[in-house]
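Here are a few exercises to work through with the model open in your viewer. Try each one yourself before reading its solution.

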Amino acid sequence: FTAMRARGAQVTDITVLVVAADDGVMPQTIESIAHAKAAQVPIVVAINKIDKAGANPDNVKKQLADHGLVVEEWGGDSIACNVSGKTHVGITELLENILLVAEMEDLKCDPTLPAKGVVIEATMDKTKGAMSTILIHDGTLKLGDIVVAGSVYGKVKAMYNDMGKQIRKATPAMPVAVLGLSGMPNVGDTVTVVSSDKAAREMVEEHIAESTNKDASFTVSLATLYDQISSGKVKELPIIFKADVQGSVEPIKESLERLTTEEVKVNIVHAATGNVTESDINLAVASQGLILAFNTGIEPNAARVASSSGVDIKTYSVIYDMIDDVEKAMKGLREPELVEQVDGAAVVKAVFPGNKKNQVAGCQVMTGKIKRSNQVRVKRGDKVLVTSTISSLRRFKDNVTEVNTGLECGIGVDGFGDFAAGDVIEAFHLEKV
């Protein structure tokens, strides 16, 4: 759902934030606000269910203000409308305000141009083949047009509107299901009408080449921040901040925001309590920002997603260190730091007596590889028993330098001899960054 909110914020011109008048601001509401702000699109708030018992629109407005979204009647710049989806009260006012915001933002399109849009869904229909749902941003899409969407292209053979009715053209702001592409594009791919098959093939080849050459999604990193500022790639530093307690959030947020300079603005996209989650990683990708964590952990799945997405996560236990690190990174003064890289993990299957009263763990490597030069930590459940170095690494009777995934081996650990079946030996090394 986080990824859906991120995509939604990025493909829209105006965000309509729907908040239930009886429930108030929920975690998903806060996340949606953060995504809309990261995408820099205006927000119109629809306070729904005002007809229900227990509805309190004023309380909703107060909660929104606590999260940086102040409505106009309270001196802010966000429009809020009280509505009821059931009785239709306030819907006309909501639509009028959407048009007002569109006029203020000077949102325009030209229906006479070749269509441009974005893929918002794609599926493989058993009878029709690849179906791509496209939201038209500009121009008009017609039957027979040749379209390119990411790494696929094709001629529009049929189009269906949101009611499932077949149509011959789709105009701006219209979602339309298209049949005729050579395969399924990725959600979020840009859609462009081109003049010929040759132009379409060239555009697809260019897209594939760019995708192959470029790194994972561009995100800001403290390690390269100064270079990115100097080269003009970064004008704003988006930060997602997590802390252990609410009392730490506001003072640290204010301290970070005070680091803003003429060259780069520090923008706190989201600040909250709790562990770093996968939702935070997706928000960092959407905002092209980094994550700072104070006295809090990182959920295992979030760490994996961050690694694959190239999102920089920094954890701190001292506030001064965090502020100092960000300031030095912005000025290009940070010293290299040692970063832990996990190489592999092995599970203890049996325990054997070794030399000098130290035990040797009979293990099977479960992930990565174990190297003789590694440092290791021995874990029993969530508890770390010891962090040390490998004293011996053997395959059968032979001393070896490394053991790959799936293979069995004997591991001795310096200064430790209290292994038990089921213990995990995690191997790692430190890299200077």
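**Exercise 1.** Work out how helix α8 and helix α9 are arranged relative to each other, and which residues meet between them.

*Solution.* Keep in mind that this is a predicted model.

Step 1: get the geometry. Two packed helices are described by the angle between their axes and the distance between the axes. For α8 (residues 278–287) and α9 (residues 300–309), the angle is about 20 degrees and the axes are 8 Å apart.

Step 2: classify the angle. Anything under 35 degrees counts as roughly parallel, so α8 and α9 are roughly parallel to each other. Their crossing is right-handed.

Step 3: list who touches whom. From α8 come E278, I281 and V285, and they meet N301, A302, V305, A306 and S309 of α9. Sorted by class, that contact has five nonpolar, two polar and one charged residues.

**Exercise 2.** Find the largest nonpolar core and say which elements supply it.

*Solution.* The largest core has 21 residues, and F241, L256 and L292 have the most contacts inside it.

Step 1: At least two residues each come from β13 (236–243), α7 (246–257), β14 (265–273), β15 (290–294) and α10 (319–331). The top contributor is α10, with five residues.

Step 2: Skipping residues up to four places away in sequence, L292 touches I239, I240, F241, K242, L256, K314, Y316, M322 and V326.

Step 3: look for another core. There's a second, separate one of 19 residues, with A346, V365, V378 and A427 among them.

**Exercise 3.** Is S78 buried or exposed, and what does S78 touch?

*Solution.* Step 1: locate the residue. S78 sits in the loop between α3 (57–66) and β3 (79–82).

Step 1: check the accessible area. The relative value for S78 is 6%. The cut-off for buried is under 20%, so S78 is buried.

Step 2: collect the contacts. Setting aside neighbours within four places in sequence, S78 contacts I43, L69, V70, V71 and E72.

Step 3: follow the chain. V44 is 34 residues from S78 in sequence, yet their C-alpha atoms are separated by 6.3 Å.

**Exercise 4.** Zoom out: how many helices and strands does the protein have, and what share of its residues is buried?

*Solution.* Step 1: tally the elements, which come to 10 helices and 24 strands.

Step 1: turn to burial. Of the 433 residues, 41% are buried.

Step 2: check contact range. Among contacts with a separation of 6 or more, 67% link residues 24 or more positions apart.

Key. Residues numbered from 1 in each chain as written. Predicted model: local features only at pLDDT ≥ 70, side-chain atom pairs only at ≥ 80, totals over all residues. Heavy atoms only, no water. Axes fitted to C-alpha atoms, helices over the stretch in contact; angles between N-to-C directions. Helix = DSSP H or I, 4+ residues; strand = E, 2+ residues; numbered from the N terminus. Parallel < 35°, antiparallel > 145°, perpendicular 65-115°, else oblique. Left-handed = near helix turned anticlockwise from the far one by under 90°. Contact = heavy atoms within 4.5 Å. Nonpolar A, V, L, I, M, F, W, Y, C, P; charged D, E, K, R; others polar. Core = buried A, V, L, I, M, F, W, Y, C linked by side-chain atoms within 4.5 Å. Buried < 20%, exposed > 50% of the residue type's maximum accessible area, 1.4 Å probe, protein only.
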